[in-house]
Amino acid sequence: KCSKCSFRINSAVCFFVLRAELRLSFTLTPPNTDSGAGGALQFAAASGSVGPTLTANGGGQDRDSELSCRNGTQNGESSSTVAAHSNGLISVTNNGNAVSNNNGVAAQPASNNNNSSSAADGGSGVKKKKRLSQSEEDVIRLIGQHLNDLGLNQTVDLLMQESGCRLEHPSATKFRNHVIEGEWDKAESDLNELKALMHSPSAIVVSTDHSKPDTLLHNMRMKFLLLQQKYLEYLEDGKVLEALQVLRAELTPLKYNTERIHILSGYLMCSHAEDLRAKAEWEGKGTASRTKLLDKLQTYLPPSVMLPPRRLQTLLKQAVELQRERCLYHNTKLDSGLDSVSLLLDHSCSRKQFPCYTQQILTEHCNEVWFCKFSNDGTKLATGSKDTTVIVWQVDMDIQQLKLMKTLEGHAYGVSYLAWSPDDAYLIACGPDDCSELWLWNVQTGELRTKMSQSHEDSLTSVAWNPDGKRFVTGGQRGQFYQCDLDGNLLDSWEGVRVQCLWCLSDGRTVLASDTHQRIRGYNFEDLTDRNIVQEDHPIMSFTVSKNGRLALLNVATQGVHLWDLQDRVLVRKYQGVTQGFYTIHSCFGGHNEDFIASGSEDHKVYIWHRRSELPIAELTGHTRTVNCVSWNPVVPGLLASASDDGTIRIWGPAPFLDVQDAEGLNECCSMDS
């Protein structure tokens, strides 16, 4: 208690400020008895951080402190106000006189009303700023980081000042600068401050992820990365003794990643800097390698302390990718960068960009066409017909038109199945149930390399190539199951398996075979073991497997098209719309990333589904009889072929380009005339 002015301070409560970097000094001055004014409490702000608003009569209070001056409040003659703005600017008024704030702008006089205060903006009253939510603060920080990456530092400073946010913790900023400048001892010292902030309540956002490794382990990893960079830079500068000291006295005592330490020690033998950079796969001393190091270090820090690098771009890329995944007609491989898309509109592909339009009708076959298959490189299409011929078509990749390349003749029973070798050098043709032979053709020369037949009682209706391209397996419904070489020599056989369709997995050992027991089993010819993988309730007429070997697409009699997960052995989806009786119809995966599924149908249509949707996204009309087989070009996602009993092969592609408005327009109809 002041004996002159009766000013009291509650010693049980201390005055504090909201920002740690704000330093306040205050002085008590005795009352001016001449003017009759009460004692004034004056504050001088040393920085532009947010602080409380105080009046001498107690009208302004901090959360945890209260200052009052009885003499001033009783007389109502003297008041002192400190107004703190969210941008860190503090203005002080005393007895209605304007006092300059810390940015040099004079504040306007204050009203005698205890509920009002002055502002530095032209005399208008200061409105209490809306408290930002956590998400709003996050957005401001993300924008600030992006602007900072663009070099707009003054804009960032103004944004942070006006919003009252901060881009990152001051300790993180200091750490960043020391890393970029290569001051390794200071950066290592900064780690101790950062370690305390990882779970500190003073951090901007307190981490609640308890599944992460211990803070000490994070600190050790970060220290290891710092010392590794320090070691490599010493070596590049030719300071071998200093580098050796770092290796022995600093890296090794960490007892962390000893295998990596052994590799680092080998770099001592590098004769020059280029050799070191090549062996270490390192960019060399400078901003590039240090920035890359900083990106790694940031992964160990919570985002409340330091934002992950280029976080806004990462979020935008994720949003674009999600929109592409949800787009039913997205069928192109676009650049993953943001420059290839517009962020101002949602991603949407037109149906007219999808292979729904007949581009070409091939009529060279003179009877039913039972099978079609594009080569693995997408440059050729093989078609097999009841007319006993196989036609190989050349695909013009520029204009996406096909022309006849070769006609392979002599298949007495017709051709119901074709298989390209992995290198597209050979083509194997199989016949229907009554056919006991298969033909192995050299595609380039058109010569028959092998005509294989083990017995006249055999039925060789299906074939699949081993990934090595030196063997193939074949079989049929009469119980034959053979593995042969390119000359038709029998290597192995499996008795009693009535094969409907075959597929070789990429492991080179497992052969999948559907049989007459409505199942698909896996057969291993090396150890002669087999296991059940898929069990259906109706006959499996045909099946195909995705490129990654994970999914199988089945055409099931009277049921339609089913998608199975071969790894989990579960039915994933049943696709609707297709008409499937007991004809053998072949479906396929296709499009970009095999996101689509196509199948023929007995109702003369081609059905296309997005892999995640049970309902068809397109029904292609034009054929006049059953569509037996479809094949999607593996290289050109917008090219699809279909073979029909009407004797034609139809090539489907995007709509002809008319004008920009028409090309970008959406066509929502589910079917169309050819």
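A contact is taken here to mean heavy atoms within 4.5 Å. On that basis, among contacts in the chain of this predicted model between residues at least 6 apart in sequence, 49% join residues at least 24 apart. The chain is made up of 674 residues, of which 46% are buried, and its secondary structure comprises 12 helices and 36 strands. Its accessible surface amounts to about 33500 Å², with 48% of that area belonging to carbon and sulfur atoms.

One of the sheets is open and contains four strands in the order β8-β35-β34-β33, with antiparallel pairing. The edges of this sheet are held by β8 (357-362) and β33 (627-632), and because each of these has a single partner strand, one side of each is left without a neighbour in the sheet. On average, and with direction ignored, neighbouring strands of the sheet are turned by 25° against each other. The partner of β8 is strand β35 (residues 649-653), to which β8 is joined in the antiparallel sense over five bridges; within this pairing, Thr 358 stands opposite Trp 652 of β35. In general, strands of a sheet pair through backbone hydrogen bonds, either parallel or antiparallel.

In the model, the span 362-396 is 0% helix and 57% strand, and its end C-alpha atoms lie 15 Å apart. For residues 620-652, the corresponding values are 0% helix and 48% strand, with the end C-alpha atoms 9 Å apart.

Strand β10 (residues 380-385) runs antiparallel to β11 and is joined to β11 by five bridges, with Thr 383 standing opposite Ile 391 of β11. The hairpin formed by β10 and β11 has four residues between the strands, and in this hairpin Thr 388 takes a positive phi near 75°. Strand β11 also pairs with strand β12 (residues 401-408), again in the antiparallel sense, over seven bridges, and the bridge partner of Asp 396 in β12 is Gln 401. Four residues likewise lie between the strands in the hairpin of β11 and β12, where Gln 400 adopts a positive phi near 55°.

Notes:
Residues numbered from 1 in each chain as written. Predicted model: local features only at pLDDT ≥ 70, side-chain atom pairs only at ≥ 80, totals over all residues. Heavy atoms only, no water. Pairing = 2+ DSSP bridges. Helix = DSSP H or I, 4+ residues; strand = E, 2+ residues; numbered from the N terminus. Axes fitted to C-alpha atoms, helices over the stretch in contact; angles between N-to-C directions. Buried < 20%, exposed > 50% of the residue type's maximum accessible area, 1.4 Å probe, protein only. Areas by Shrake-Rupley, 256 points an atom, 1.4 Å probe, with all protein chains shown as cover.
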